[in-house]
Each structure stands twice: as structure tokens, then as C-alpha cells.
Amino acid sequence: MGRVIVGLAIRKRRKELGLSQSELASRLGYKDHSTLAKVETGVNDITVDTLFKYAEALGLSATDLLSYSLDEAKGIYHLGFDCLPTLPNIHDCKVERITVGKDSLLLVFEKDIARHDSVRSHHPRADSLKIEYHLIGEPEFYVEKHGKMVPLLGKAFEAFSKEGLIYLCEYVGYKSAIIKLCGAGLAILNLTVDQINYRWTE
């Protein structure tokens, strides 16, 4: 596995835990943060034994840290860890289509999505985006009617979504995601999920 990918995963996990380089270096038994800084930037590689040490300090198994490394590089985010991932912020982008499957929900976004500042800052060459949520429970859909949020069945929500919705924001919790969308009115998706996959196209 590339040292850069492992280093980036260690850095991301450290930030998710709210640790400074000095704090993590102290957990690892380093005198200062210089060695950790070189690992995070991919200058230094780490041995298998050291990988176990880093994983323990970051509250993960070595297997989870390796999976985390590969998945984060691919845009796959897991909601089953103690500390939640930081997802890309893509607010105010238009959702062209929502498809509900047996164990997944797919959001397909507009073309030329990088024209939005919220996307351009971290994915400047993106043309479009698909976000796939791996469901571990039945999704719940709510829409605003007469000032109240009322439930809407899956196929009815797909029909509603064809009118065009704007992605406002997303909140994630342990194996859960709440997505706020705006169209003719406010729409909320309440999902029980364990994985979110961002698939960018350029």
C-alpha cells in the first residue's frame, strides 16, 4: 500500500479525533511530532508493527485502518466507527435523480457541478457526482405540506424528486444520515446506513 495513502488516512483519522500532531505523537511515544509529520505527508513509510501501533493510538484495528486508507482514497466513508468521517460539503447543488433500490439509495447530481464554490474548492475538475448510500434499514422520506412534515412512500418520493431538488445539507451519526433537500418545499431523507460512496466523474 502506498505510504501517501496510509499517511493521509492517519492524518484524517487524527483530525476526526480532534488530536494535534503533538498529542498523537505523545500517544505513540515520540519525543516530538516531526516523525509523525513525515509519516502523514508520505515522506516516511511505516512497518507492519508500527502500523498496529498507529491503529491502536487512533482507536482502530490495523485492518480497519488499512480499509479506511483505501476507502477514503476512493471516496468511501464508513459510519460504523466511533468517530465519524468528514464528508465533502456540496450544498446548493441540484439533484437530478433519486433512485431507491433494495439496499441502496442513489443521488445523481447535475452536470458541471464544479461551478459551485462548495465543490470547486475540493474537486475542481468534477463534472458530476453520484452519492450512493448503503442502506441497513428502510429509508424514511418526509416532505413539507401545509407547514407540516408528512411521510411519503418510496416510489412517491422518486416521483416528487423528479421535479428537481437542491441539496441543502447532510448530518451523519452512527449508522445514520439525515439529508435536507429543497424543491417546491422542504424534503428530508432519514436513512439508516453504514457506508456512503461518493463517485465523482470528470
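Colleague: What does the accessible surface of the protein come to, and what share of it belongs to carbon and sulfur atoms?
Modeller: In this predicted model, the accessible surface comes to about 10,800 Å², and 52% of that area belongs to carbon and sulfur atoms. The C-alpha atoms fill a box of roughly 60 × 35 × 30 Å along the principal axes, and the secondary structure comes to seven helices and 10 strands.

Colleague: How many residues of the protein count as buried?
Modeller: The share that counts as buried is 43% of the 202 residues, where buried means a relative accessible area under 20%. As for contacts with a separation of 6 or more, residues 24 or more positions apart account for 60% of them.

Colleague: What can be said of the positive and negative side chains, and of the centres of the two sets?
Modeller: There are 26 positive and 27 negative side chains, and the centres of these two sets lie 2 Å apart.

Colleague: Why does E110 count as buried?
Modeller: The limit for that word is a relative accessible area under 20%, and E110 counts as buried because its relative accessibility is 5%. E110 lies in the loop between β3 (104-109) and α6 (117-120), and, when residues up to four places away in sequence are left out, E110 touches C93, K94, E96, R115, H116, D127 and S128.

Colleague: With which residue does the side chain of E110 make a polar contact?
Modeller: The partner is the side chain of H116, at 2.9 Å, and since a polar contact asks for a pair of N or O atoms within 3.5 Å, the value of 2.9 Å falls inside that limit.

Colleague: How do you know that the buried residues of α2 line one face of the helix?
Modeller: The buried residues of α2 (residues 21-28) are L24, A25 and L28. Seen down the axis of α2, these residues fall within an arc of 105 degrees, and therefore they line one face of the helix. The exposed residues S26 and R27 are carried on the face turned away from that buried side, and just after α2, G29 takes a positive phi of about 85 degrees.

Colleague: What puts the buried residues of α4 on the same side of the helix?
Modeller: In α4 (residues 48-57), the buried residues named are L51, Y54, A55 and A57. They cover an arc of only 165 degrees around the axis, and so they sit on the same side of α4. D49, F52 and E56 are exposed residues on the face turned away from the buried side, and α4 is followed by G59, whose phi is positive, near 75 degrees.

Colleague: Why is the phi of D92 worth a remark?
Modeller: Most residues other than glycine have a negative phi. D92 is not a glycine, yet its phi is positive, at about 70 degrees. D92 has its place in the loop between β1 (76-78) and β2 (93-100), and D92 is called partly exposed because its relative accessible area of 41% lies between the limits of 20% and 50%.

Colleague: What of H146, which is also not a glycine: what is its phi, and does it count as buried or exposed?
Modeller: H146 has a positive phi of about 55 degrees, and its place is in the loop between β5 (140-145) and β6 (148-152). Its relative accessibility is 83%, so H146 counts as exposed, a word that asks for over 50%.

Notes
Residues are numbered from 1 along each chain as its sequence is written. This is a predicted model: local features need pLDDT of at least 70, side-chain atom pairs count only at pLDDT 80 or more; totals for chains, interfaces and linings use all residues. Side-chain values use heavy atoms; hydrogens and water are left out. Helices (H or I, at least four residues) and strands (E, at least two) are DSSP runs, numbered from the N terminus. Buried means under 20% relative accessible area, exposed over 50%, partly exposed in between (1.4 Å probe, protein chains only). A polar contact is a pair of N or O atoms within 3.5 Å; within protein, one must be able to donate a hydrogen and the other to accept it, and residues adjacent in sequence count only if both atoms are side-chain atoms. Contact means heavy atoms within 4.5 Å. The arc is that of the directions from the helix axis to the C-beta atoms. Accessible areas come from the Shrake-Rupley method with a 1.4 Å probe; for residues, only the protein chains shown count as cover. Lys and Arg count as positive and Asp and Glu as negative; His and the chain ends are not counted. The place of a charge is taken as NZ of Lys, CZ of Arg, CG of Asp or CD of Glu.
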